[in-house]
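Try each task before you read its solution.

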Amino acid sequence: TGTLPTNTTMSWSAGQYLSAGLLLLGVGTLVISALARCRERDDEQRRASGGSRDELTARAAQQADNEHARQRRAAAMQEQLTRSLAQMGVDDGVRQRRGNANNVNVGAYDGVRAWPASVDRRAAEEAERQRLRAEQEAEYEAALRRDAEADRRRDAEELRRAQFESLVMQAESFVPPEPAADETGDVCTIALRWPDGSRQDRRFDADNVVSQLYAFAVAQRRHTVGQSINLVTSFPRKALEDRDATLREASLLPNAVILVDIADDDDDDDDESD
């Protein structure tokens, strides 16, 4: 803890004030006495210059009245000065004792009294700064999480698109050549019915497998990323699940209408979870 600043200004004690007052009172008395003696000399000079008895009597009476008035004024001045000095001595003594006891000046006391308020203000300002810093850090972390999630989704989308392109390219390479129109033998004529109602005819060898029929449907790029193709016979309605079976074994000879079902992969995942 620090030491409070001390008051280095010298203050007069009550005794010093009283001595100064008595000195002033003595000087005032001397001045009044000197004035009185000057007045008496003037009167003596006037008496020496002559005058009637009545004038001398009037002058004597006037001088007596003036002397009484002077004495009253001097007494009043002395009484007033004594009261003032007494009051000043008491107040100064109280202030001096308080100053010696506390050993601080008024400015320092005011500073100490204002210290708790300044501390509270600084604490409030620091708390506000910490709150703003915490909010900024939370917003920054949230932005980082959003950016990371966006990057993850973008990377996943790019991966799915790359996988889709790879799947389509593999399907295109797996599609068997179409038999000639004049070719005789076991040839299947397959009509693909797409979800939009359009129809697409294609000739296959009866010994081609169902997976090659799937490859032909995928190579048409009628579906998008995140979708899969399922083939279903129209009558009887039956999904072509055995992809290793030949078209002959799947009873698609000599011709058949195949319904193309395009489903989202998410829907398939939901069905599997159910």
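**Exercise 1: a polar contact and its helix**

The side chains of Gln212 and Asn208 meet in a polar contact at 3.3 Å. A polar contact is a pair of N or O atoms within 3.5 Å; within protein, one must be able to donate a hydrogen and the other to accept it, and residues adjacent in sequence count only if both atoms are side-chain atoms. Before going on, note that this is a predicted model, where local features need pLDDT of at least 70 and side-chain atom pairs pLDDT 80 or more, while totals for chains, interfaces and linings use all residues. Residues are numbered from 1 along each chain as its sequence is written, and side-chain values use heavy atoms, leaving out hydrogens and water.

Task: Is Gln212 buried or exposed?

Solution: 
- Step one: recall the cut-offs, with buried under 20% relative accessible area, exposed over 50% and partly exposed in between (1.4 Å probe, protein chains only).
- Step two: Gln212 has a relative accessible area of 14%, so Gln212 is buried.
- Step four: look along α4, where 10 of the 10 residues are buried, including Leu213, Tyr214 and Phe216.
- Step five: just past the end of α4, find Arg221, which has a positive phi of about 55°.

**Exercise 2: rings and charges**

Task: Which residues form the aromatic pair, and what is its geometry?

Solution: 
- Step one: the structure has 1 aromatic pair, counting rings of Phe, Tyr and Trp (its six-membered ring) with centres within 6.5 Å; planes under 30 degrees apart are stacked, over 60 edge-to-face and the rest tilted.
- Step two: Phe204 and Phe216 make an edge-to-face pair, 5.7 Å centre to centre with 85° between the planes.
- Step three: Phe204 belongs to strand β2 (residues 199–205) and Phe216 to helix α4 (residues 210–219), so the pair ties together parts 12 residues apart in sequence.
- Step four: both Phe204 and Phe216 are buried.
- Step five: check for charges over rings (NZ of Lys or CZ of Arg within 6 Å of the ring centre and within 35 degrees of the ring normal). Arg202 lies over the face of Phe204, 4.6 Å from the ring centre, and the charged end of Arg243 sits over the ring of Tyr214 at 3.6 Å from its centre.

Technical notes. Helices (H or I, at least four residues) and strands (E, at least two) are DSSP runs, numbered from the N terminus.
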